[in-house]
Amino acid sequence: MNMPMNVLALCALLCAGHPSVQAQSAAPPAAPASVAAATAACHSEVSRFEQAIGLVRQTQGNAAAAELKEKLLPAKVETEILFKDGYCGLARYLRDKKLNR
């Protein structure tokens, strides 16, 4: 399935941290006070990625969203990272791949 370029551009804009999107989301704390706070900050980063995929799902449908998510973050990789490193590992992966800022 070929996705229209405007959907890819929209997702890239959301995932790349466009200034208008960054202004709406708070940055995670630099030094969390506890493990729970650190996990919450990581969960928030992963959630932003999921929200971008959700936007594609709303505008282009489930198939386009599933295809895009699998291309950006394969399910096998996501599962392995979550089991090994939890949400913070997944947030780090998304940052390293420049999928979340």
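The following legends describe close-up views of a predicted model.

**Figure 1. Overall fold and confidence of the predicted model.** The secondary structure of the protein consists of 5 helices and 0 strands, and the pattern read along the sequence is α-α-α-α-α. Of the 101 residues, 29% count as buried. Among contacts between residues at least 6 apart in sequence, 60% join residues at least 24 apart. The mean pLDDT of the protein is 79, and 66% of the residues reach 70 or more.

Figure 2. Confidence is lowest in helix α2, residues 19–22, where the mean is 47. Helix α4, residues 62–72, has the highest confidence, at 96. The pLDDT is below 50 over residues 18–25. Beyond near neighbours in sequence, the stretch of residues 18–25 has 5 contacts in the model.

**Figure 3. Packing of helix α3 against helix α5.** Two packed helices are described by the angle between their axes and the distance between the axes. Helix α3 spans residues 35–60 and helix α5 spans residues 75–96; the two pack at an angle of about 75°, with their axes 8 Å apart. Angles of 65 to 115 degrees count as roughly perpendicular, and α3 and α5 are therefore roughly perpendicular to each other. On the α3 side, the contact is made by A38, T39, C42, H43, E45, V46, F49 and E50. On the α5 side, the contributing residues are E78, Y87, C88, L90, A91, L94 and R95. By class, this contact of α3 with α5 has 9 nonpolar, 2 polar and 4 charged residues.

Figure 4. E45 is found in helix α3 and counts as buried because its relative accessibility is 7%. The side chain of E45 makes a polar contact with the side chain of R95, at 2.6 Å.

Figure 5. F49 is placed in helix α3. At 1% relative accessibility, F49 counts as buried. F49 and L94 are 45 residues apart in sequence, and their C-alpha atoms are 8.1 Å apart in space.

Figure 6. K69 is located in helix α4. Because buried means under 20% relative accessible area, K69 counts as buried at 19% relative accessibility. Leaving aside its neighbours within four places in sequence, K69 is in contact with F49, E50, I53, P74 and E78.

**Figure 7. A52 in helix α3 and its separation from N100.** A52 lies in helix α3 and, at 4% relative accessibility, counts as buried. Along the chain, A52 and N100 are 48 residues apart. The C-alpha atoms of A52 and N100 are separated by 9.6 Å.

**Figure 8. Backbone of K98 after helix α5.** K98 lies in the segment after α5. The phi angle of K98 is near 60°, a positive value in a residue other than glycine. At 53% relative accessibility, K98 counts as exposed.

Key:
Residues numbered from 1 in each chain as written. Predicted model: local features only at pLDDT ≥ 70, side-chain atom pairs only at ≥ 80, totals over all residues. Heavy atoms only, no water. Axes fitted to C-alpha atoms, helices over the stretch in contact; angles between N-to-C directions. Helix = DSSP H or I, 4+ residues; strand = E, 2+ residues; numbered from the N terminus. Parallel < 35°, antiparallel > 145°, perpendicular 65-115°, else oblique. Contact = heavy atoms within 4.5 Å. Nonpolar A, V, L, I, M, F, W, Y, C, P; charged D, E, K, R; others polar. pLDDT = per-residue confidence, 0-100. Buried < 20%, exposed > 50% of the residue type's maximum accessible area, 1.4 Å probe, protein only. Polar contact = N/O pair within 3.5 Å; in protein donor to acceptor, adjacent residues only side chain to side chain.
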